[in-house]
Amino acid sequence: MKYVSEFRDGSLARKLAKAIAQAADPARSYQLMEFCGGHTHAIFRYGVQDLVPENVNYVHGPGCPVCVLPVRRLDDAVELALNHDVILCTYGDMMRVPGTKQKSLIKAKAEGADIRMVYSTQDALRIARDNSHREVVFFAIGFETTTPPTAVAILQAKTEGLKNFTVFCNHVLTPPAIAHIVNAPAEEGEDPVRIDGFLGPSHVSSVIGSAPYEPAARIYRKPVVIAGFEPLDVMQSTLMLIRQINEGRHDVENQYTRVVTRDGNRKAQRLVEQVLELRKAFEWRGLGTVPESALKIRKDYSEFDAEKRFTISSKASREVKSCECPAILRGAKKPTECKLFGNVCTPDNPMGACMVSSEGACAAYWTYGRKREAAAAVKEVAV
Ligand code: SF4
């Protein structure tokens with residue numbers, strides 16, 4: 001398949017692996033954060049970590065939209081569905097994420113809440129049209145990639161005069177998160193996370209472009225390479241980052257030129273700006289409260305804002321005990337450092353968002369990494 005198979009080519013991967021090995025300085029180590037869960041899954045699925053020298057380490061970042069949603073916002077969605085007699089529309093991955101006391105949307109559905117899985121905002125609009133006597137809330141999550149469809153849905157609802165459609169808006173922004181990761185002090189009891197450079201988001205950047213990363217790269221002196229999600233994309237971006245680090249540069253480079261431009265998709269950006277605006281601050285799972293890192297619905301469209309239409313009585317929320325998702329999302333721990341990984345917590349019985357989401361780091365370790373690590377351990381014992 002064009003634009004896929006050539007980016008999984010084994011002989012090209014070997015050439016890139018050789019170039020990376022030649023470029024990597026054995027006298028130092030390289031700590032590279034892959035921002036997106038898509039990168040993490042590519043690294044594990046194709047064994048990229050095994051193709052680079054030992055002193056090149058991938059640190060998994062917070063770029064999984066389901067994972068970074070704090071428990072409090074999930075609890076709010078559960079409350080909306082259970083106590084406000086709404087039809088709550090949500091993407092599939094959100095259904096199984098445990099909230100406080102492990103209450104998930106799927107458990108709320110089992111208790112009688114009307115929660116429907118949708119594939120797009122258009123599905124949610126259709127449900128609203130078909131159920132004009134019911135309130136329909138779209139539970140909007142995600143980074144800049146999923147924000148334009150939310151803006152379009154609100155505009156459509158306004159044009160159609162849909163009175164029973166609102167959005168519970170939880171869209172978050174990537175560049176402030178990158179700045180926060182390099183700037184935030186270490187959590188108590190944790191070593192500071194050293195990041196030498198970032199594999200920057202690919203899909204997100206197709207919307208916002210590569211320019212928004214330039215201030216953080218310059219201020220914090222960290223190179224960013226916008227990287228595609230195929231294994232050769234990740235490897236080529238790794239080589240580009242290593243070269244920048246060796247040369248003491250901290251530029252924003254774009255490996256994913258087949259999709260991303262410096263300015264991004266202006267039309268999509270204008271639609272988002274028309275309907276949504278910056279929140280002063282937003283809580284992220286793992287990162288805490290990050291200033292100007294999320295979007296809310298503008299006043300002109302407040303009739304479509306679920307937070308304005310419903311009184312949501314946010315109660316005290318709690319992470320699942322012993323789940324290390326927050327530390328994993330800030331790059332401070334690996335999934336295998338969680339004592340629940342693979343025994344109590346599996347994809348069939350997820351205890352945290354990072355095991356539920358198809359972009360979560362724990363899901364990647366389980367799906368692609370666990371067997372390989374187990375095999376390596378057996379080999380070590382045998383030796
Ligand atoms: S393995 Fe499960 S419990 Fe542990 S951090 Fe991952 S999601 Fe949380």
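This is a predicted model: local features need pLDDT of at least 70, side-chain atom pairs count only at pLDDT 80 or more; totals for chains, interfaces and linings use all residues.
**View 1. The open sheet of 4 strands, in the order β4-β3-β5-β6.** Pairing in this sheet is parallel. Strands β4 (114-117) and β6 (165-171) form the edges, each pairing on one side only. From one strand to the next, the twist averages 20 degrees. Strand β3 (residues 86-90) runs parallel to β4, and 4 bridges join the two. Within this pair, C89 stands opposite R116 of β4. Two helices are included in the view. Helix α7 (residues 121-130) lies across β3, β4, β5 (135-142) and β6, and runs at about 170 degrees to β5. Helix α8 (residues 147-160) also packs on the sheet, where it touches β5 and β6. The direction of α8 makes about 160 degrees with that of β6.

**View 2. The open sheet of 5 strands, in the order β2-β1-β7-β8-β9.** The strands of this sheet pair in parallel. Its edge strands are β2 (56-63) and β9 (252-254), and each of them pairs on one side only. With direction ignored, neighbouring strands are turned against each other by 25 degrees on average. Strand β8 (residues 224-226) pairs with β9 in the parallel sense over 3 bridges. In that pairing, V224 stands opposite V252 of β9.

**View 3. Helices α9 and α12 on the sheet that contains β1, β2 and β7.** Helix α9 (residues 174-183) packs on the sheet and touches β1 (30-36), β2 and β7 (197-200). The direction of α9 makes about 150 degrees with that of β1. Helix α12 touches β1, β2, β7, β8 and β9. The direction of α12 makes about 160 degrees with that of β8.

**View 4. Packing of helix α1 (residues 10-23) with helix α12 (residues 231-247).** Two packed helices are described by the angle between their axes and the distance between the axes. Here the angle is about 15 degrees, and the axes are 10 Å apart. Angles under 35 degrees count as roughly parallel, so α1 and α12 are roughly parallel to each other. Their crossing is left-handed. On α1, the contact is made by L12, A13, L16, A17, A19, I20 and A23. On α12, the contact residues are L232, M235, Q236, T238, L239, I242 and N246. By class, this contact of α1 with α12 has 11 nonpolar and 3 polar residues, and no charged residues.

**View 5. The salt bridge between R134 and D85.** Side chains of opposite charge can pair when their charged atoms come close. In this pair, the closest N and O atoms are 3.9 Å apart. R134 lies in the loop between α7 and β5, whereas D85 lies in the loop between α5 (71-83) and β3. The pair links distant parts of the chain, with the two residues 49 residues apart.

**View 6. The hairpin formed by β11 and β12.** Strand β11 (residues 281-284) and strand β12 (residues 288-291) pair in the antiparallel sense over 4 bridges. W284 has G288 of β12 as its bridge partner. Between the two strands are 3 residues. In the turn, G286 has a positive phi of about 90 degrees.

How values were computed
Residues are numbered from 1 along each chain as its sequence is written. Side-chain values use heavy atoms; hydrogens and water are left out. Two strands pair if DSSP finds at least two bridges between them. Axes are lines fitted to C-alpha atoms, for helices over the stretch in contact, and angles run from 0 to 180 degrees between N-to-C directions. Contact means heavy atoms within 4.5 Å. Angles under 35 degrees count as roughly parallel, over 145 as roughly antiparallel, 65 to 115 as roughly perpendicular and the rest as oblique. A crossing is left-handed if the near helix is turned anticlockwise from the far one by less than a right angle, and right-handed if clockwise. Ala, Val, Leu, Ile, Met, Phe, Trp, Tyr, Cys and Pro count as nonpolar, Asp, Glu, Lys and Arg as charged, and the others, Gly among them, as polar. A salt bridge is a side-chain nitrogen of Lys or Arg within 4 Å of a carboxyl oxygen of Asp or Glu.
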